[in-house]
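Visitor: I would like to learn how to read this model. Where should we begin?

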Amino acid sequence: MPLLFAIAMVGATVGGLLARQRRGELARLNDQLRQINAALRRQAKIESYAPALSYAPVGSKIPESEVIVDPQKQRLIAYLRTGKNYLRNQAPDKAFPEFKAALDLARSLGDHVEEKKAARGLGASLQRQGKYKEAINYHSMVLNISKVTGEDAGVTEAYGAIADCYTELGELEKAGKFYDKYIARLENE
């Protein structure tokens, strides 16, 4: 009996040491992923700053009398701008209702481009509030809208944001999968 007890103690000690070592490796990997993500985001911003900017000829401005203004669309854009300003000013709790109103209005208008912008804003505001599971839902909505419309603006950022959320939740395997998708898209852009 003492021999079995000794073997069990050695097994428990080895298991505990291996678990501690694995936790350290995961923490180190998590830090590396965050550093890589930050570097890739900086690089993406630098490389994507107006890459295909073309300038309109000077005399081609459309007279204001010919511009058709939809008041619903103006209100939608106002919600998006207000939400974006709240995010810039570190007020994600105030940004959320603006983006939510924009999402509802975009859906009622059938405007998928603005719907996707509103979903991105909702995801960002929730993420900054530490509500990562809810944020993942809205970032995933961006991916779904892109899939439906075939227009993929914002998909790369959505992958990165989802990966960041999973990292914060401690779900590193899921985070790794989304970081892989994020990095693959950055390499292809």
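Guide: Begin with the order of elements. In this predicted model, the elements of the protein chain run α-α-α-α-α-α-α from the N terminus on. The chain has seven helices and zero strands.

Visitor: What is the mean pLDDT of the protein chain, and which helix has the lowest mean?

Guide: Read pLDDT as the predictor's confidence in each residue. The protein chain averages 79, and 75% of the residues score at least 70.

Visitor: How do helix 2 and helix 3 pack?

Guide: Take the angle and the distance between the axes together. Helix 2 (residues 71–88) packs on helix 3 at about 155°, with the axes 8 Å apart. Angles over 145 degrees count as roughly antiparallel, so that is how helix 2 and helix 3 are described. The crossing of helix 2 past helix 3 is left-handed. Residues of helix 2 in this contact include Leu 76, Tyr 79 and Leu 80, and those of helix 3 include Phe 99, Ala 102 and Leu 105.

Visitor: Why does the span of helix 7 agree with its number of residues?

Guide: Helix 7 (residues 172–188) has 17 residues, which at 1.5 Å a residue should span 24 Å; its end C-alpha atoms are 24 Å apart, so the two agree.

Visitor: Which residues of helix 7 are buried?

Guide: They are Ala 175, Gly 176, Phe 178, Tyr 179, Tyr 182 and Leu 186. Across the 189 residues of the protein chain, 31% count as buried.

Terms used: Residues numbered from 1 in each chain as written. Predicted model: local features only at pLDDT ≥ 70, side-chain atom pairs only at ≥ 80, totals over all residues. Heavy atoms only, no water. Helix = DSSP H or I, 4+ residues; strand = E, 2+ residues; numbered from the N terminus. Expected span 1.5 Å × (residues − 1). Buried < 20%, exposed > 50% of the residue type's maximum accessible area, 1.4 Å probe, protein only. pLDDT = per-residue confidence, 0-100. Axes fitted to C-alpha atoms, helices over the stretch in contact; angles between N-to-C directions. Parallel < 35°, antiparallel > 145°, perpendicular 65-115°, else oblique. Left-handed = near helix turned anticlockwise from the far one by under 90°. Contact = heavy atoms within 4.5 Å.
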